[in-house]
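Me: I have a model open and want to know what its labels rest on. Please go through them one at a time.

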Amino acid sequence: EAADSRRCAFDRHVKLLTGEDQRSHKGDAPSFALVDIPVAGQTLRLPDLPRYRKFYRKLASGAWEPRTFGVLAANLDRSTTYLDIGAWIGVTAFWASRLAKSVIAVEPDPCCREILRALSPLYSNVEVVEAAVSPETSVTIQSVSGFGSSETSVLDIGDGETITVPGISIDSLMARAGHGPVFVKIDIEGYEYAIPNEIGRLEDYRPRGVQCAVHPQLLESSMKGPLPLRRLKVLFATIHLWRTLSRLAPRRSVPRYGGFLRYVLLGLLFRRTPKGTDFLFLRDSRRS
């Protein structure tokens, strides 16, 4: 905990806004200045920290992941639990809380955990799980430009700072979700390539849908050797991930490319650097 506090010291010099929000959260969570950000038809209260202000401008403009918000709007309702694996600072988790029955936000990054812990009382149906999805009991994660960025990963792409965090299995997370339909979003900065079988455990629970972000560019940058060999390894790893996750639901797509083969050609093979995208697996044909 002491180490986490030092890493996240940038968060501790600010206080909550005046008026209704001038109060401290209970426990060890820090206080934050809050800023209201318009996000896909809602207004979210997020930490007013300098490192995120450029991102907030993109978020408010509607340029950040518009397809993701469309997918969530189409697949969440008051009967559905939303499982957000790799919740970062809570943008999609908090946004989804107004649509879903409940939200489980899973995040291992120590700075992001502090933010989620501090803000979750503002969203009564959000549960924060401070762990990384894994079949193991612990996982070592690496920071990129310091913890708190959106790029913290298990892959060897960090700037040297690491921390070991608890692991939590898909079975344990689905037990928390309880009965009823579940929609899952996974965005774990390349770690998806390391745990396809663990993610594939979702098949046993017949989720309403799964959106999995894939990061082949991060996988390739974590490898050593000549570029053609690294690209070939990334290609085979991406095919394996797609085949493993295709069991999750009958409707399978790569929305930005129209299909997996097109993505392989235009997003992986014929690019100087591989392009990340989302794999989308849906069970209900009435939802898009």
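Me: What is the volume of the largest pocket?

Reply: This is a predicted model. In it, the volume of the largest pocket comes to about 1,000 Å³. Its lining is made up of 46 residues, and E65, S150, D187, E189 and H215 are the closest to its centre. The largest share of the lining, three residues, is given by α2.

Me: Which classes of residue line the largest pocket?

Reply: The lining has 22 nonpolar, twelve polar and twelve charged residues.

Me: What makes the other space a cavity rather than a pocket?

Reply: A cavity is a set of points where a 1.4 Å probe fits but cannot get out, whereas a pocket is an open set. The structure holds one cavity of 30 Å³ or more. About 40 Å³ of space lies in the largest cavity.

Me: Which residues line the largest cavity?

Reply: Its lining consists of R67, V71, Q211, P255, R256, T277 and D278. By class, two of the lining residues are nonpolar, two polar and three charged.

Me: Why is strand β10 called largely enclosed?

Reply: A residue counts as buried when its relative accessible area is under 20%. Six of the six residues of β10 (residues 209-214) are buried, so the strand is largely enclosed by the rest of the structure. G209, Q211 and A213 point one way from β10, while V210, C212 and V214 point the other way, and all are buried.

Me: How do you know that β10 pairs with other strands, and which are they?

Reply: Pairing needs at least two bridges between two strands. Four bridges join β10 to strand β9 (residues 182-186), and these two run parallel. Here F183 stands opposite G209 in β10. Six bridges join β10 to strand β12 (residues 277-282), with the two running antiparallel. On that side V210 stands opposite F281 in β12. Both counts meet the cut-off, so both are pairs.

Me: What makes a group of residues a nonpolar core?

Reply: The members must be buried, belong to a set list of residue types, and be joined through side-chain atoms within 4.5 Å. The largest such core has 47 residues, and those with the most contacts inside it are L83, I85, L173, I186, L202 and F279. Helix α9 (residues 227-245) gives the largest share of this core, five residues. A second, separate core of 36 residues includes L34, L59, L72 and F183.

Me: Which residues does L83 contact, leaving aside its neighbours within four places in sequence?

Reply: L83 is in contact with I104, V106, L173, M174, V182, F183, V184 and K185.

Key: Residues numbered from 1 in each chain as written. Predicted model: local features only at pLDDT ≥ 70, side-chain atom pairs only at ≥ 80, totals over all residues. Heavy atoms only, no water. Buried < 20%, exposed > 50% of the residue type's maximum accessible area, 1.4 Å probe, protein only. Contact = heavy atoms within 4.5 Å. 1 Å grid on protein atoms, 1.4 Å probe; cavity = no way out; pocket = protein on both sides within 12 Å on 5 of 7 lines; lining within 4 Å. Points joined across faces, edges and corners; volume = space filled by probe spheres on them. Nonpolar A, V, L, I, M, F, W, Y, C, P; charged D, E, K, R; others polar.
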